[in-house]
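Hello,

Here is the structure I promised to pass on.

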Amino acid sequence: MREGAGWFYARNGSYSSPTISVIRARTSTSNISASNIFYVYTSSLLRFHAHCGPLRQVVKPMGDPTAAAELGVAPPSLPRQPHWVKTMELGYATGGDSSLDPENAVVGPGLTFACFKCGKETSELDGKHLSRCAKCSTVRYCSRECQVTDWKGGAGGGHKFLCAAYKRIGEAMTLTSADDKQSVCEEILRRVRFYACPYVVHKTATLGRGFLFLQSPSTLAELSLPLPRLPTGSPIAGQRSVLLHYLTMGEFDSELSRDDFEMAQVRNELKALVKAYNKRYDLVLLMRFRCGHVAVGSAPLVPDYAVCVSLGKDYYSEATEGALQLNLDDV
Ligand SMILES: [Zn+2]
Ligand SMILES: [Zn+2]
């Protein structure tokens, strides 16, 4: 397995990734223990709910330019998608320690499948007892009854809402097309942006221009699933989370790319974006996943700068000197 594939960290903060060690070193110099950081999310979530009232009031008048002007916010514009400037594959997912590693996912006698509805198990050798969903050819059921029930009202609102996501990773349990990878990156961003945007606005104000470094110990394929459940029917081991960190270009050079030289390949693109972004509208983003997929780009602030300033002060001033972990199945 290649260096850099050690994408696992423990709740006690004993990170094995060189990059994540950087974060640990930074957090341990503050008076926050590493384990506290993992729980910052929970308190942020509670405060976010407390903010939902005022937040809705600000967002709603934005549809009316007059009300928006009175509130001092920019007139509404069409929602913009993230803009990607570079992606690359570092090819980490060859080690066999990920539950979705393609090498381990080869269908064979060692792999058991469970009915997606009732959990009845079988091995692929006598897999004739389980039939696959005709649309995604991926998820299996023990009976027509289980399939019909799961389609309309199973976990996650029913398989009809999940079928496309399972079809996307298929039997091989991996994402192959660049478009699919981009879509999944955007989906992940959508799930975390209410936390990430205030975090970045707050960090930009306190540390100066920089970028959001989003990492995950999960593969992109794992993160693409709407439920923490593999196509085999078994749950994804461990929590699906992303670790957010804000870095300036100085920190990129002195810490990140020094410890992880492969990241130097995105330095030029990152530097240009960090120099150019408008802190009232955009954030700069570097994403990296367990499978080695790396993406660099910029994304709009959501819902807007003023709200992000307000949320950012309240959430992040006291306890997030280092990184912020968000558990995707909770957000
Ligand atoms: Zn069943
Ligand atoms: Zn299906």
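Predicted model: local features only at pLDDT ≥ 70, side-chain atom pairs only at ≥ 80, totals over all residues.

Residues are numbered from 1 along each chain as its sequence is written, while chains are lettered from A and ligands numbered from 1 in the order in which they are written.

**Overview**

The protein chain has 10 helices and 10 strands. Both are DSSP runs, numbered from the N terminus: helices are H or I with at least four residues, strands E with at least two. Of the 331 residues, 39% are buried. Buried means that 20 or more other C-beta atoms lie within 10 Å of a residue's own; exposed means 12 or fewer, partly exposed is in between, and C-beta atoms are placed from the backbone. Among contacts between residues at least 6 apart in sequence, 69% join residues at least 24 apart. A contact needs C-beta atoms, placed from the backbone, within 7 Å.

An open sheet holds 6 strands in the order 1-9-8-6-7-10, with mixed pairing. Strands pair if DSSP finds at least two bridges between them. Strand 1 (83–89) and strand 10 (324–327) are the edges; each has a single partner strand, so one side of each lacks a neighbour in the sheet. Neighbouring strands are turned by 20° against each other on average, direction ignored. The axes are lines fitted to C-alpha atoms, for helices over the stretch in contact, and angles run from 0 to 180 degrees between N-to-C directions.

Strand 1 runs antiparallel to strand 9 (residues 293–300), joined by 6 bridges. There, Glu89 has His293 as its bridge partner.

Strand 6 (211–215) has 5 of its 5 residues buried, so the rest of the structure largely encloses it. Phe211, Phe213 and Gln215 point one way, Leu212 and Leu214 the other. Strand 6 is antiparallel to strand 7, with 5 bridges, and parallel to strand 8, with 4. Leu214 has Leu244 as its bridge partner in strand 7 and stands opposite Met287 in strand 8.

Helix 6 (residues 178–207) lies across strands 1, 6, 7, 8, 9 and 10, at about 45° to strand 7.

**The core**

The largest nonpolar core has 63 residues, and Leu212, Leu244, Leu283 and Leu285 have the most contacts inside it. Such a core is a set of buried Ala, Val, Leu, Ile, Met, Phe, Trp, Tyr and Cys residues joined through C-beta atoms within 7 Å. Helix 6 gives the largest share, 11 residues. At least three residues come from each of domain 1 (18–96 + 178–327) and domain 2 (112–169). Those bounds come from an automatic or database domain assignment. Leu283 touches residues including Cys197, Val200, Leu212 and Tyr277.

**Helix 5**

Helix 5 (residues 159–169) buries His159, Leu162, Tyr166 and Ile169. They cover an arc of only 75° around the axis, which puts them on the same side of helix 5. That arc is taken from the directions from the helix axis to the C-beta atoms. These residues pack against helix 4 (144–153) and helix 7 (220–223). Ile169 has 25 C-beta neighbours inside 10 Å. Among the residues that Ile169 touches are Ala221, Ser224 and Pro231. Just after helix 5, Gly170 takes a positive phi of about 60°.

Best regards

Technical notes: Contact = placed C-beta atoms within 7 Å. Lists of a residue's contacts leave out its neighbours within four places in sequence.
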